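Hi,

Here is the structure I promised to pass on to you.

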Amino acid sequence: MKVTIDNITLDVEPGTTIMQAARMIGPEVAPPAMCYYEPLQGSGGKCRACLVKVTAGSEKDPRPMPKLVPACITAVQDGMIVENTVNEAVLETRKGIVEFLLLNHPLDCPVCDQAGECHLQDFSFEHGVSSTRTVEERNTFEPVDLGENIKLNMNRCILCYRCVYTADQITDGRVHGVMNRGDHAEISTYIEKAIDNDFSGNVIDVCPVGALTDKTYRFKSRVWFSKPMDAHCSCDKCSGNVTLWYRGDEVIRVTGRKNQWGELKEFICNTCRFDRKKTSDWVIEGPTEVSRHSVISANKYGANLIHPAFPIAQAARDFKQIDDNRDRSSIEIKSILPAKK
Amino acid sequence: MKILTQHIDVPGIETIDVFMKNGGYKAVEKAIKTMTPDEVTEEVKKSGLRGRGGAGFPMGMKWSFLAKPEGVPRYLVCNADESEPGTFKDHYLMMKSPHTLIEGMIVSSFALGANTSYIYVRGELMYVINILEKAIQEAYDKGLLGKNILGSGYDLDLFVQPGGGAYICGEETALLESLEGKRGNPRNKPPFPAVKGLWQCPTVVNNVESIAATSWIVNNGGDAYAAIGVGRSTGTKLISASGHIKKPGVYEIPLGITVEEFIYSDEYCGGIRDGHKLKAVVAGGSSVPILSADNILTTDAGEKRLMTYESLSEGGFATGTMLGSGGFIVMDETTCIVHNTLTFARFYHHESCGQCSPCREGTGWMDKVIKRIETGKGRSEDIDLLVDVAKKIEGNTICPLGDAAAWPVAAAIRHFRDEFEWHITHPEEATKPGAVYMRPGASWSN
């Protein structure tokens with residue numbers, strides 16, 4: 001089947017979704033995905049981040065589709081023409097989606113363990129706007145423990161349902177799901193129980209934001225200060241193929257290996273994830289390949305990605321003298337900003 | 001012309017004996033004994049009957065989309081989860097005359113070849129569920145349900161399922177999820193229920209009123225039904241009239257009477273309550289755009305607006321609205337549109353299932369912003385913000401609840417923007433109890 005995405009035509013198998021086809025072309029064309037997770041059956045269609053315009057439905061029926069369609073669950077038809085990054089309406093809608101997802105998101109990135117490898121950060125950086133239009137208070141929830149090693153911070157959750165599908169896949173009954181409705185819906189195990197399963201830790205890896213975090217790693221390090229290494233061990237529960245995250249000589253975290261799209265290649269067991277934190281437990285294969293654009297690459301591989309002159313120049317450009325005549329003599333803060341021209 | 005409510009005031013019509021004395025269950029006999037399923041479907045197609053739940057999709061066409069693979073059961077599900085604010089017609093029909101629905105269910109199930117059918121009733125209506133259960137038992141006792149109906153070899157089991165109490169379960173795929181015992185989240189479409197519905201089997205979901213009308217169509221023929229009404233709006237429609245009118249209630253109207261006649265004639269609403277005049281109308285349940293008095297009575301072209309699918313939507317959303325589910329809410333000049341919009345927005349905020357982000361976050365956002373405007377804390381940019389949020393929800397969600405939440409807000413601002421502005425510029429006056437904005441030159445009462 002022939003499909004054209006952003007003026008690039010390629011041949012795909014029947015049954016391929018627009019998202020899969022776009023990913024074959026590359027990350028420049030692939031729509032963002034906040035809920036879709038290829039290895040998880042049933043995921044997708046919820047976050048609406050991947051909405052694209054179909055300007056021609058198929059060779060046989062070349063009418064455009066009336067609404068934007070989610071690329072992750074829409075199968076391509078022969079002769080379909082899709083517009084993603086070249087369509088103004090798509091980009092405008094995507095701005096709106098960023099805004100919706102951030103509406104009740106706490107923006108506590110400075111204290112969030114996910115910062116630096118957070119899909120929502122990437123999504124809002126690439127597709128959002130820099131200002132906010134909301135003055136409303138955010139919805140808040142109390143953090144809860146899902147078992148001894150997993151922390152759920154519902155404030156940060158964007159209800160992508162990935163952890164729900166993961167739990168469905170590893171357990172027989174329904175032990176983990178969503179309670180309540182609308183913007184007060186929350187992820188919950190019925191009720192505040194642990195997911196009693198050797199693979200429950202994978203919900204941390206599939207979480208696109210910092211809602212589910214590893215309690216053995218919480219607040220230990222920022223992700224860009226740690227170095228990922230591929231390693232394996234002989235494990236009787238899982239394949240034992242993992243990524244070790246080093247800070248100095250210390251293994252501070254163990255995660256599953258992820259592909260280019262941030263999706264787990266395979267689930268790892270809780271023993272590997274939470275208990276094997278010594279180098280002697282593992283056979284090191286070598287450094288994990290990390291995209292140069294990732295913040296995880298910062299300060300590594302000799303590249304100097306941070307230019308201190310730039311933020312200062314920007315601050316000077318945007319600096320506005322505020323009419324403020326309070327007496328400041330007692331605090332004696334020197335301005336680091338150059339004087340406004 | 002009355003079809004569904006013809007015998008509704010006969011004492012004892014809820015019992016099968018009185019119902020049959022008044023011509024009930026003749027359609028079952030006629031359909032099962034003298035017609036093939038395809039012939040029944042053909043009559044429904046000819047009748048031009050359109051789905052009465054709100055979308056107005058031609059029912060015969062919906063039936064013909066039903067996939068019929070060999071060896072796979074098919075289901076008919078009756079959507080009786082009527083929860084749209086302003087709509088109470090199905091409730092009335094099922095409560096007064098449950099056999100009207102059951103007769104329609106048997107005829108429709110026969111046409112579709114379904115051997116198991118469900119009526120999914122709004123959970124709050126427990127007493128209606130009891131009425132239906134009793135009526136179904138009576139039908140079983142008469143041999144109209146169960147194995148080998150009237151000796152024809154056709155089997156049908158009919159079940160009533162109480163809903164869990166969520167508006168979203170009125171959306172057909174959320175209803176199916178709920179019926180399967182899961183959380184009532186709408187499914188992504190395609191696949192449509194006609195291909196993969198209940199338990200992944202082909203399923204038709206129809207509204208109570210649509211299904212109830214099929215027995216009359218079988219009795220009198222599709223052409224007779226199509227003769228009523230105007231153009232593609234055929235037959236009769238139950239309208240739930242509420243608000244500032246003299247005679248609120250459920251009325252069965254032939255499609256095609258003028259809106260003016262419906263509001264002012266003594267046969268229907270009887271006019272606006274004494275001493276007041278019409279300000280606005282929500283013509284089809286809370287999710288359709290609100291219209292001002294001028295726009296609802298006459299179209300852009302200066303013609304009188306009719307109670308039909310086409311006439312009400314003439315002029316698009318700029319000056320038109322939709323017939324929807326027929327929840328006709330009339331407001332006089334004492335109504336504060338901002339307050340009314342807040343009520344609707346709060347409802348959709350409360351009822352969003354939370355599955356897809358535009359609806360989950362957008363409905364809450366609109367609710368909070370309108371709440372601020374209503375309580376005198378609005379900012380001048382809030383009105384444009386609301387319009388933009390509504391635009392970003394509309395069409396971008398999994399199910400139509402997003403549209404249903406966005407349209408009333410966008411329409412209220414489109415037609416009553418001055419009222420929102422007044423709330424923002426005059427917060428002190430606007431937050432006084434009972435304060436309502438008067439357009440320059442307007443006054444209370446005639």
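Predicted model: local features only at pLDDT ≥ 70, side-chain atom pairs only at ≥ 80, totals over all residues.

**Overall picture**

Chain B has 19 helices and eleven strands. Its radius of gyration is 22 Å, close to the 22 Å that the globule rule gives for 446 residues, so chain B is as compact as a globular protein of that length. If you want a box for it, the C-alpha atoms fill roughly 75 × 45 × 40 Å along the principal axes. Of the 446 residues, 55% count as buried. I also looked at contacts between residues at least 6 apart in sequence: 71% of these join residues at least 24 apart.

**A parallel sheet**

Four strands of chain B make up an open sheet with parallel pairing, and their order is S3-S2-S1-S4. Which strands sit at the edges? They are strand S3 (157–162) and strand S4 (203–207) of chain B, each of which pairs on one side only. On average, neighbouring strands of this sheet are turned by 20 degrees against each other, with direction ignored.

Strand S2 (residues 116–121) of chain B pairs with S3(B) in the parallel sense, over six bridges. As a place to start, Tyr118(B) has Phe159(B) in S3(B) as its bridge partner.

Helix H6 (residues 98–112) of chain B lies across strand S1 (75–80), S2, S3 and S4 of chain B, and runs at about 150 degrees to S1(B).

**Domains**

The domain assignment divides chain B into domain 1 (16–227), domain 2 (233–332) and domain 3 (337–430). Between domain 2 and domain 3 of chain B, the C-alpha centres are 23 Å apart. How many residues of domain 2 of chain B are in contact with domain 3 of chain B? Ten are, and they meet ten residues of domain 3 of chain B. On the domain 2 side, strand S10 (residues 290–292) of chain B gives the most, with three residues. By class, that side of domain 2 of chain B has seven nonpolar and three polar residues, and no charged ones.

Best wishes

Methods:
Residues numbered from 1 in each chain as written. Chains lettered and ligands numbered in written order. Domains from an automatic or database assignment. Contact = placed C-beta atoms within 7 Å. Helix = DSSP H or I, 4+ residues; strand = E, 2+ residues; numbered from the N terminus. Nonpolar A, V, L, I, M, F, W, Y, C, P; charged D, E, K, R; others polar. Rg over C-alpha atoms; globule rule 2.2 N^0.38 Å. Buried ≥ 20, exposed ≤ 12 C-beta atoms within 10 Å, placed from the backbone. Pairing = 2+ DSSP bridges. Axes fitted to C-alpha atoms, helices over the stretch in contact; angles between N-to-C directions.
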